[in-house]
Amino acid sequence: SRRARTSTMLRGAQNRALRRAYAAAAKPALGGPRADAKATNGALAAIFGSGGGATTFAPMSETHAHDAPTEARATAPPTTSVTVLANGATIASENTPGATLACGAYVDCGSAREDAPWKRGFSHALERAAFRATKHRSGFRVTRECETIGANLSASASREQFCFAADALKTRAAETVELLLDCALNPALENHEIERVVENLKTEVKELNENPQALLMEATHATAYAGGLGHALVAPSGDLSHITGDALREFVRENFTAPRVVLAASGCEHDELVRIAEPMLATLPSGEGSPETPTTYVGGDFRQKSDSPITSIVLGFEFKGGWRDTKASTAMTVLTMLLGGGGSFSAGGPGKGMYSRLYTRVLNRYSWAQNCTAFHSIFNDTGIVGISAMANSAHTGDMVKVMAGELQAVAASGGVSPQELERAKNATVSSILMNLESKAVVAEDIGRQMLTYKYRKSAADFIAEVRAVSAQDVQKVASDLLASAPTVAMTGELHAAPRYEDIKAMF
């Protein structure tokens, strides 16, 4: 048809014009680069309908200014700025580039501060009651403001620290920080709200108790420590009538004092953060709050039978010094990275391509080993380090012997090869740098370090400490661990499990 012939003629004209344009750009410049560029742009303008004011580009054969080699410019990493208010509250931030902001209110308070039986479960309840009504906002208003700002809010409790966190666009910094601090420092904790929280806690605790494996690490801490760190982080089962709004408000009043609070942020100007947060943090009382409950490591044995054909095992030892012993804690981190481990999986066989000790020496060797992983649970002044594992119940005793043997192997003189040590150090450095790519992790790192050390160590400082770790340092940390009483926790079918005295005699 006439329309089809017209369409074919137009496509042919366009193809011929394109060939002329490409040829003009590729042929030697007879009239100079600018002449060729004008010819090319004219041809392209004829095809695509550009106006007479089309931008002039140099031909592809000409070297562009941005292609010329330039001297690389070193960009200094952002530094941490710290401001301590008159009442002792701390504001610390790092202006990490990007469009988002991550911030958190970190409090030196957790289940270790639950110094009386009637306070058990308070930290767990506070975590579940976070970001509800405050003294200045209804629960509905908190939710609507969070939606309007586009913020993500979260709360988490641990044995020594409590965290309220938020992240949003940087342009919403003022609203986000104000909402975060109001929820963290001024919770209403009305009795009728806490009654609903307690009902939900009862359901949660009941479900956890039906899965003993989920509570195995809780049992490990309760067995290892007498005192504050031995208090369960999870609310106790049974009657929770002692958890009321009045009791939680008193707990907050006793523990949320200015010297124990750090506001940490990543991705904002420090002066702006201080201007926003200082009026709210200045209202906190300046006292030290309730005293810390003493903690003593004792070790021991916990066992819970179940019908599971798989036995879960934790074998841990005391790490003296905790995070505040920076040299030993760095060597301990390298040690756990060197041991590594994980779970067996079907693709290619257990541990295919994995080079940590617990993969190559345990998971690749024993088909009955379902999981074998090094773990550490470290606090300010102490900690638990060891191996957790899962094995077929008939081989529980074999699994315990293998776990003990691997710990003894790294504690022996010359037990760590230079290649293993270098691989573990590289993996540790890689893990540090990878985690610090997240603004949320940076904010958390700032907040928790300020609570623990009262200053923030840079990634470069951590990396330098890791690089300085020697095989002797790793061996000493491992041997010091094994000098303490073991902590053993097991759940599953335990007919083949060795006695605690037999496990203790292995070391």
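How much space lies in the second largest pocket? The answer is about 360 Å³. Please bear in mind throughout that this is a predicted model.

The second largest pocket has 14 lining residues, and those nearest its centre are P77, P78, E94, S458 and A459. Sorted by class, its lining consists of seven nonpolar, four polar and three charged residues.

I turn now to the largest pocket, whose volume is about 1,200 Å³. It is lined by 30 residues, with W323, H376, D445, R448 and F462 closest to the centre. Several elements each give two or more residues to this lining: the helices α10 (326-339), α13 (418-435), α14 (439-453) and α15 (459-467), together with the strand β12 (369-378). Of these, α14 provides the largest share, namely seven residues. In terms of class, the lining of the largest pocket has 14 polar, 10 nonpolar and six charged residues.

My last topic is the cysteines. How many disulfides does a search of the whole structure find? The search finds zero. Consider C146: the closest cysteine sulfur, in C183, is 8.8 Å from its own sulfur, which is too far for a bond, because a disulfide requires the two sulfur atoms to be within 2.5 Å. C268 is likewise in no disulfide, as the nearest cysteine sulfur, that of C103, is 7.5 Å away.

Are C146 and C268 buried or exposed? C146 is buried, at a relative accessible area of 16%, and C268 also counts as buried, at 6% relative accessibility.

Thank you for your attention.

Definitions and conventions. Residues are numbered from 1 along each chain as its sequence is written. This is a predicted model: local features need pLDDT of at least 70, side-chain atom pairs count only at pLDDT 80 or more; totals for chains, interfaces and linings use all residues. Side-chain values use heavy atoms; hydrogens and water are left out. Buried means under 20% relative accessible area, exposed over 50%, partly exposed in between (1.4 Å probe, protein chains only). On a 1 Å grid over the protein atoms alone, a cavity is a set of points where a 1.4 Å probe fits but cannot get out, and a pocket is an open set with protein on both sides within 12 Å along at least five of seven lines; lining residues have an atom within 4 Å of a point. Grid points are joined across faces, edges and corners, and a volume is the space filled by probe spheres set on the points. Helices (H or I, at least four residues) and strands (E, at least two) are DSSP runs, numbered from the N terminus. Ala, Val, Leu, Ile, Met, Phe, Trp, Tyr, Cys and Pro count as nonpolar, Asp, Glu, Lys and Arg as charged, and the others, Gly among them, as polar.
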